[in-house]
Structures are given as structure tokens and as C-alpha cells.
Amino acid sequence: MSLESKIQFIVSQSVLSLYKIETEASHIQIQKTKKEFEGDLTVVVFPFVKAARKSPEATGQEIGALICQQNPLVTSFNVIKGFLNLTISKTYWLDTLTEIFENHSYGIKLPTADSDIMMIEYSSPNTNKPLHLGHIRNNLLGFSISEIQKANGWQVVKTNIVNDRGIHICKSMLAWQKFGNAETPQSTGMKGDHLVGKYYVVFDQAYKVQIAELIEKGATEDEAKKNAPLIVEAQQMLLAWERNDPQVRQLWETMNGWVYAGFDQTYIRMGVNFDKIYYESETYLIGKEEVERGVRENEFYVRPDKSVWADLTSKGLDEKLLLRADGTSVYMTQDIGTAKLRYDDYDIKKMVYVVGNEQNYHFQVLSLLLDKLGYSWGNDLVHFSYGMVELPEGKMKSREGTVVDADDLMAEMIDTARDTAIELGKLEQCTSQEIAEVARIVGLGALKYFILKVDPRKNMTFNPRESIDFNGNTGPFIQYTHARIKSVLRKAVEQHIDFGTKIDNTLLISEKETNLIQLLTDFPSVIKQAGDEFSPALVANYCYELVKEFNQFYHDFSILKEENEALKKFRLQLAASVANVVKIAMGLLGIEVPERM
RNA sequence: GGUCUUGUAGCUCAGCUGGAUAGAGCAACAGCCUUCUAAGCUGUGGGUCAUGGGUUCGAAUCCCAUCGAGAUCACCA
């Protein structure tokens, strides 16, 4: 039972005996005592003043006196306005620290073999261009959410749907065929995804030239866009692909192979991974079958031009296209097929899609369509809808070349981390390999924390001209605190200080130390809340709060130079516990912490 | 136009399941390294919580309206 619920129970008993009112313990408002007041926990007494028929102050005094007298857990109290501040016994805090110190997976609820399965889809790239900053947010959120749900006892299956077919990839293929001079990643030294992306751009440029020429010759813009030879050829290529044309298929496999090799590098660098990968080329046919079944069951209808639609007007939405007039499938068709396949493959309890908020409508429709197709789980899909990453000028636009490339950004962050470390004279006795490793951890830590500390639902701004900070509320600041603690712990070992044994729970400890223990006790509920709300930001902000508090303690108190052996041992345990929680919490964000930096 | 999201310090963000004087970081300025890592710590200045109403003992937080920003309503994905 948490301290908070214990206090809630005690207060409800006291209120009952004093004022004869029954209060649900969980409804009693408890909060952390604000820094400027004395005490650890605060009870809001306003709800009782009516029954007490006394002033808020008097009511608080009365409740406080009774609690204090009856429970050794509470050692003193004070009342300010309608707030009853309780001070919890140091013994309780010391015993609590012992529990935390001894539990190396503190806060984590490990899944078991029969835990429910949560499938989390994230990343979901198109295979026609490299990953950019928007994908970084998606990947980091998806990975972190997965780790957080695991820590809440779910069996998580991380999945990725690769959009590997369609007109977009045909555009890259066609441009490479026409203008590529048989370039390969090997011959150019380019990462495969970047090489393919290059030809996607080449296509677009050549296509624009053709459109301009047609307009010059008197065509309207729409006609020009529709009739430009390149786009016609790309469409033919898509049809050839669907017919399994061997040459087109061969080219497709080759170029997608380049892209996957490139993506794999990016994923590894980013530190994300998947348990099961689905490919649109393998699921879109299942989607088509489902849609056709829907037509047979009169859930969907066919228009005179043979296109297939779902009428969702009764749900307040529009009509939705499911199959084009030429029989080819659209994005929605594919998503229906993928969903069905996944539920066939796994006993999914909860399906989560990490997809940007620009697709809110899409997922609303997807749920309804699956429901119409008779899948009871259709309504249970969770669209974890996150906000866009914007530049100070607004959205990233590939046409204007303002897209921030994922590989470039990570490399820059790592470079900056290394430069900073050298400039500050850190790591002087480390090998170049060790320096590179710390630079990697810190650079990526800065980037990941920068993105994950923001409430995922909100749009966020990234300014490429101002490099991401390494001071203040940042990843490196948190990593630094961890490194400092580890340094102290190493020194303690060198000095043969044995701090692993149980501490004296009658020690007198300071307010600062008590606060730190109290912060540590918050960790499990932070993980729970982060899971319930799908918010890595809660974990990030918690880490910052904890570490900030620790740094003040570190500044004001000496650990190794403390003369009282029992106190020294206590502080070592406290520091070690903070380091452990920081490590676990940062791990939930997909951020590593270095032993030194 | 319909639906949804959003508006907190110069900038980037917390706080939003109603509670005490609205918090951090960056930027600016002023201090602290013979003392466990100064990527740290301390201090100063900086706010009409978009605006107006309402509910309440109490509103940045909940409700309504207005204004601003964004997303979406494609035979794109």
C-alpha cells in the first residue's frame, strides 16, 4: 500500500471518528507539501469543514492532532489556511529507501508468459525516401511507449508496417531506370535509402518540367499533371508490378533492398527495433478480399464506375473510397488487411497505432470499417496520435529542402557531443573508442530527450540553427548526474566502503534527503501514469525533477567525506538508488546513461 | 463550411483528474571550482495563464462564447 493510500485511510478514519462522516478514502485529497512549507504530505481539509462546523484552520488542527497522536507514521503537523501539512517519520523514509535500494528493477512490473499482448505499430516508413525528423519523433515515441507498457506488465509486440508498394516507389524506380546510370549504393557510397530518395526527387523535377511543357502547349494544369509521360509511365509500372511483371518485380526488390539496408542502419543508430515487420505488399491483397466480402455482405457498395465505397454518413462522417475504379487498392484497403492479419497472427488484447495526428480521420474511419466487417476489436484500436515537428518557419517541406534528415541530425548531435566533451576537458584519459561511445550516448541522449520531454499530443518546434542544448533541462544534464554518482560509487569501492548492508533506520536525515526519498517513491506511479496516458514526457519530466533535486543535495552535502559512517552509508545508498532509478527511467525513454562523461 | 487539436515569461516547454504566492530551462546580468566530475550550484530581472462570461469556498485547470494558430474532410500515403 502506498504512503498516500495509507494516509488517505488514516484521514478517513479520523474524520469518521471526529465528525461522523463517511468518506471514501480514495476521494481524500492528498498532495505533496509545497517546498516553502514544512511537511511531506498535505491533506486538503476544505471538504470537511462543513461537517466539522469549524473554520478550515480549526478543522485541520483537530484532524492533525488526532492523526499525530494515533499514528507513529506521522510525527508532526502544521496547518496553514485549509491545508494540513503532515511530517512523516524518518524511520518510514529510511525503511523505504532500503526497499528501493535493494530492488534493482524498482518500479518495473515485468510481464509474464500469460500477460496480455499489446501490439504497438510505429515507424511505418515509405520506401521511397530516407527518414527525417518527423520519423524520429514517431520512432522514439513508439519505442518508448513500448518500453513503458512492458514496464506496466504488458507483453508488447513492436511492429512496423512498411509501405513498400505503390505509385511512390514506382516513381523512384522509373527515375532510376531513366536517369540512374546504373548507380548503386556500392558504386556511389551512398546509403541505399538516400540513393533511392535522390531518384524520387529526380522524378519530381523531371515531372514538373514535363507539366510546364504541356501547359506551355495549351493544356490545363490538371490535364498536364494527368498526361505527363512520366506519370503515365509510372502508373503503367504500378500495373505491371501488380501483374507480377518479372523485370519490374526484380527492380523493385533490388531498390527496396537498398532502402532496407539503409533503414536498418538508421534504426540501429537510433536504438529502435521491431519484433514483427509487416509489408504492405503482403497485406494489401487481404485487404482487398475483406473489402470484397464487405460488398457481398452489403456493408459497402459499388458505384457505376466499379469503385467501392463505404457510406459512413450515418456516423457523421463522409463516404470513403476503398477500391479504385481500376480495382487497385488504397491506403485504407491495406490497413484493413494488415489489421486482420495481425489479429490472426497474435492474440492481441490492445492494438496501438503510433501515427501522426494528421491521420486522426483515417483511424476513426478504420475503426468503423473493421466494425462493419464484423470484427469486434475494431472499436478497440488505439490511435496514439502525436503532434507534428515544425520548424520555426512552419512545416518541413521537401520541395523547399527544409526537411531535416534523420541520419544527418544524429551525426551532428554526436559530433557536437564529442566537441563539447573535448572542449570541457572531459574524458582526457579515455581511448578514442571510449570517447566515441560517450559521444554517441550523449549526443543521442540530447536528441531523444529533447523530443520526448514534450507532451506527445502537442506540436513541437525544432530550430535547426540553434543546436540542441546540453545544459539545463536536457538529456546530457540527466546523464551527467548519473555519471557523477557512478564516479562517487567507484571511489567508495576503491576505499573499501561497504554500503550494501542495512542502514540504521533511526538516523537523523535532512529535509533534502527526505525529499529525495519521497521523489524516489513516486517512480512506480509515474510509470503507471505514463502507461495509462501514453506519455513518455511524464517519465522525462520526472527524471529531470529527480536529478535536479539530487544535484542540489550533491552540492550541499558531502557523501564520501561524511564522518558519521552510518550517514555516509545512507548517502551512498541514496545516491546509488537515484542512479538506478535514473538509469531505469532513461531506459524507458530509450536513452542510455554513461558511467562517466 | 463541418469535425478535431491548440493558445502559459523574449524563446522552448512543465503544471490541466479544480486547491496555497503559476514553475523549469534557454537567453541577459551577478556570484560559487586548494573540497566526491562546474555538462554543476546559488541569486536578480522577466506573466492580464489569448479575451469575455459562467460554475465553485477556491479556476491556468471544468463549462459556454469570441479571437488567433494548426490538422483533416483526396480514385495521395
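Which side chain meets that of Asp 407 in a salt bridge? In this predicted model, the partner of Asp 407 is Lys 191, with 2.7 Å from N to O; a salt bridge is a side-chain nitrogen of Lys or Arg within 4 Å of a carboxyl oxygen of Asp or Glu. The pair links distant parts of the chain, 216 residues apart. Asp 407 belongs to helix α15 (residues 406-423), whereas Lys 191 lies in the loop between α7 (185-188) and α8 (192-216). Helices (H or I, at least four residues) and strands (E, at least two) are DSSP runs, numbered from the N terminus. By the salt-bridge rule the count comes to 31.

Because the model is predicted, local features need pLDDT of at least 70 and side-chain atom pairs count only at pLDDT 80 or more, while totals for chains, interfaces and linings use all residues. Residues are numbered from 1 along each chain as its sequence is written, chains are lettered from A and ligands numbered from 1 in the order in which they are written, and side-chain values use heavy atoms, with hydrogens and water left out.Chain A is divided into domain 1 (3-88), domain 2 (122-390) and domain 3 (407-588), with bounds that come from an automatic or database domain assignment. The centres of domain 1 and domain 3, taken over C-alpha atoms, are separated by 35 Å. Five residues from domain 1 and six residues from domain 3 take part in the contact, where contact means heavy atoms within 4.5 Å. About 450 Å² is buried between these two domains, and carbon and sulfur atoms give 32% of that area. Buried area is the accessible area (1.4 Å probe) that two parts lose on being put together, summed over both. Lys 32, Lys 35 and Asp 40 supply 83% of the area that domain 1 buries against domain 3, more than any other three residues.

Two salt bridges are counted between domain 1 and domain 3. The side chains of Lys 32 and Asp 522 meet in a salt bridge at 2.7 Å, N to O. Three residue pairs between domain 1 and domain 3 are in polar contact, both residues at pLDDT 80 or more. A polar contact is a pair of N or O atoms within 3.5 Å; within protein, one must be able to donate a hydrogen and the other to accept it, and residues adjacent in sequence count only if both atoms are side-chain atoms.

Around RNA strand B there are 64 residues, of which Asp 305, Asp 318, Lys 426, Tyr 480 and Phe 557 come nearest; a residue is near a strand if one of its heavy atoms lies within 4 Å of it. Of the RNA atoms within 4 Å of the protein, 63% belong to sugar or phosphate and the rest to bases. Phosphate oxygens of RNA strand B lie 3.0 Å from a side-chain N or O atom of Lys 81 and 2.8 Å from one of Ser 487. A base nitrogen of RNA strand B is 3.3 Å from a polar side-chain atom of Asn 85.
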